[in-house]
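Hello,

Here is the structure we talked about. My notes follow below it.

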Amino acid sequence: MELNLGRIVVAAAAQPVSASNGPEGRLRTSRSGWCPPEIQGLRALAVLLVVACHFRPEYLSGGYLGVDVFFVIFGDLITAHLYKEAARIHQIRLAQFCVRRIRRLLPLSMLVLGLTALAAVMILPSTDWQNTR
């Protein structure tokens with residue numbers, strides 16, 4: 001199958017994706033997509049590298065490697081979602097795709113931001129607040 005999106009042409013495999021296993025036979029591990037155990041392991045390693053860098057930055061001069069790994073995995077998963085949409089409905093609706101991501105990520109992001117602000121007000125000494133003005 002070939003999909004023409006203006007100047008962009010997306011070619012997709014002619015085989016349908018099975019409901020029990022994802023592309024290339026990968027097992028479904030989350031409700032939102034196909035993620036093999038190897039990718040889950042890399043995600044865990046990326047998070048551990050970032051956390052370790054925050055706790056002991058003097059020991060891990062290249063601590064941003066975890067962020068790079070996470071972005072590569074994120075790009076792969078986003079590409080897989082777009083590919084599945086193109087294969088399923090023969091087009092990519094980028095605006096709807098972005099709205100779905102925002103609806104999924106924004107509520108929890110706002111919760112984390114609010115809890116962090118609350119913790120900062122409760123934990124930081126008043127002298128630190130005076131220096132921020």
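**What I found**

Arg101 lies over the face of Phe97, 4.6 Å from the ring centre. A charge counts as over a ring if NZ of Lys or CZ of Arg is within 6 Å of the ring centre and within 35 degrees of the ring normal. Aromatic pairs number 0 in a search of the whole structure. Such a pair needs ring centres of Phe, Tyr or Trp (its six-membered ring) within 6.5 Å.

Before you go on: this is a predicted model, where local features need pLDDT of at least 70, side-chain atom pairs need pLDDT 80 or more, and totals for chains, interfaces and linings use all residues. Residues are numbered from 1 along each chain as its sequence is written, and side-chain values use heavy atoms, with hydrogens and water left out.

**The chain**

The protein chain has 4 helices and 4 strands. Both are DSSP runs, numbered from the N terminus: helices are H or I with at least four residues, strands are E with at least two. The order from the N terminus is β-β-β-β-α-α-α-α. Of the 133 residues, 17% are buried. Buried means under 20% relative accessible area, exposed means over 50%, and partly exposed is in between (1.4 Å probe, protein chains only). The accessible surface comes to about 10400 Å², with 65% of it on carbon and sulfur atoms. That area is from the Shrake-Rupley method with a 1.4 Å probe. For contacts between residues at least 6 apart in sequence, 36% join residues at least 24 apart. Contact means heavy atoms within 4.5 Å.

**α2 and what follows**

Helix α2 covers residues 65–89. Its 25 residues should span 36 Å at 1.5 Å a residue, and its end C-alpha atoms are 36 Å apart, which agrees. The expected span is 1.5 Å times one less than the number of residues. Its buried residues include Ile73, Leu77, His81 and Glu85.

Glu85 counts as buried because its relative accessibility is 2%. Leaving aside neighbours within four places in sequence, Glu85 is in contact with His90, Gln91, Ile92, Arg93, Phe97 and Arg100.

His90 sits in the loop between α2 and α3. Its phi is positive, about 65 degrees, although His90 is not a glycine. At 46% relative accessibility, His90 counts as partly exposed.

**α3**

Helix α3 (residues 94–123) has 30 residues. It reaches 42 Å from first C-alpha to last, close to the 44 Å expected. A kink of about 30 degrees lies at Leu105, shortly before Pro107. The bend is the angle between axes fitted to the seven residues ending there and the seven starting there.

Best wishes

Conventions:
Phe/Tyr/Trp six-rings, centres within 6.5 Å; stacked < 30°, edge-to-face > 60°.
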